[in-house]
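Student: I would like to check some structural labels against their definitions. Can we take them in turn?

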Amino acid sequence: MTHRISPDQQNHDAGTRLHGEYKVPGGKLVVVDLEVVEGKFADVSLSGDFFLEPDEALEAINGALTGLPESTPASEIASAVTASLPAGAVLFGFSADAVAVTVRRALSKATSWADHQWEMIPPSILPTQVNVALDEVLTEEVGNGSRNPTLRFWDWEEPSVVIGSFQSVHNEVDPEGVSRHGITVVRRISGGGAMFMEAGNCITYSLYLPQTLVDGMSFADSYAFLDAWVMAALEKLGISAFYVPLNDIATEQGKIGGAAQKRLSNGGMLHHVTMSYDIDADKMVEVLRIGKEKLSDKGTRSAKKRVDPLRRQTGLARSAILQAMQEVFTERYGAIESQVTEAELREARRRVDAKFGTEEWLNRVP
């Protein structure tokens with residue numbers, strides 16, 4: 001699998017100048033140049049188009065980084081930066097965490113989008129259980145290096161509810177509504193909330209990536225970072241979207257989607273997003289149990305009003321929105337089109353039989 005490393009990042013020999021860059025989502029560019037001498041940072045120089053007050057805070061940050069061991073984790077780098085700041089210091093457009101990400105990139109501990117050869121799998125109709133199983137299979141493959149980082153768009157035919165890894169079936173799903181409407185209920189490996197999915201009523205994609213891409217970022221920052229390309233695609237379609245922490249995607253008209261993540265022990269990571277296109281709100285509230293507590297911090301009294309579909313906001317066909325998303329991702333990251341292999345499909349179907357299609361998995365949180 002292709003992993004591109006810039007010439008500046010190929011070794012950390014003494015005297016070699018290392019260079020890292022990180023564009024903060026919605027913020028400024030952070031740049032660091034440094035050397036590693038006897039396993040420690042030396043001659044550190046932080047720069048960028050950010051704002052920082054007072055001026056002497058820049059020297060304080062450089063001083064805090066100088067002498068740190070090369071093996072220092074991102075969290076400790078950020079803590080050192082924070083501890084160095086004079087009282088009343090203001091960082092605008094960046095943060096201590098952003099400095100840590102930039103340093104880790106200089107060391108090749110963290111990677112950028114451009115360090116990888118990305119692949120993009122267009123929508124292909126598969127059973128919902130197979131779609132969920134593929135998320136696990138492909139995330140594992142990216143983690144072990146047998147597949148390039150990949151964006152995959154889902155498609156499906158059967159009406160489904162996909163619940164989060166830690167959700168209670170009883171608390172989230174109304175069995176009478178499920179039976180009446182012929183709904184398939186599946187549990188995924190990522191956290192987050194339940195997704196009501198009928199054919200053509202939403203846009204769902206999964207991003208399979210190495211955790212090095214978000215090394216040093218907080219969980220909250222990683223969500224916005226991994227979906228920056230989606231925001232650009234929506235902007236291209238005339239929709240100004242933004243993140244509502246932790247994982248909701250919204251516009252001024254209402255929520256349009258949500259994201260979920262799962263990080264595997266082998267270094268692979270899943271980032272999963274579902275956006276509403278043309279939801280049948282009446283059917284949704286018959287199938288899902290959306291209680292008052294769920295709505296309490298959403299600024300709305302009705303579950304039907306929580307989701308404002310993309311069809312209403314754009315007037316475009318679902319296929320046109322999907323096409324725009326694929327084009328923006330391909331243009332931004334040089335992605336090449338690929339497909340799910342027969343071997344991957346066989347493994348996903350095996351896992352449906354062994355795990356994702358079983359009552360034990362579905363009801364692991366009753």
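Tutor: Start with a cut-off: buried means under 20% relative accessible area, exposed means over 50%, and partly exposed lies in between. Keep in mind that this is a predicted model.

Student: Why is S108 called partly exposed?

Tutor: S108 has 25% relative accessibility, so it counts as partly exposed. S108 sits in the loop between helix 3 (96-106) and strand 6 (119-125). Its phi is positive, about 65 degrees, although S108 is not a glycine.

Student: What makes E38 exposed?

Tutor: The relative accessible area of E38 is 78%. Exposed means over 50%, so E38 is exposed. E38 lies in the loop between strand 2 (29-37) and strand 3 (40-48). Its phi is positive too, near 50 degrees.

Student: Why are helix 1 and helix 2 called oblique to each other?

Tutor: The axes of helix 1 (residues 56-65) and helix 2 (residues 74-84) cross at roughly 140 degrees. Roughly antiparallel needs over 145, and roughly perpendicular covers 65 to 115. The helices are therefore oblique. Their crossing is right-handed.

Student: Which residues make the contact?

Tutor: Helix 1 gives A60, I61, A64 and L65, and helix 2 gives I77, A80, V81 and S84. By class, seven are nonpolar, one is polar and none is charged.

Student: Which peptide bond is cis, with omega near -5 degrees?

Tutor: The bond from E53 to P54. P54 is in the loop between strand 4 (51-53) and helix 1. Another cis bond joins P245 and L246, with omega about 5 degrees.

Notes:
Residues numbered from 1 in each chain as written. Predicted model: local features only at pLDDT ≥ 70, side-chain atom pairs only at ≥ 80, totals over all residues. Heavy atoms only, no water. Axes fitted to C-alpha atoms, helices over the stretch in contact; angles between N-to-C directions. Helix = DSSP H or I, 4+ residues; strand = E, 2+ residues; numbered from the N terminus. Parallel < 35°, antiparallel > 145°, perpendicular 65-115°, else oblique. Left-handed = near helix turned anticlockwise from the far one by under 90°. Contact = heavy atoms within 4.5 Å. Nonpolar A, V, L, I, M, F, W, Y, C, P; charged D, E, K, R; others polar. Buried < 20%, exposed > 50% of the residue type's maximum accessible area, 1.4 Å probe, protein only.
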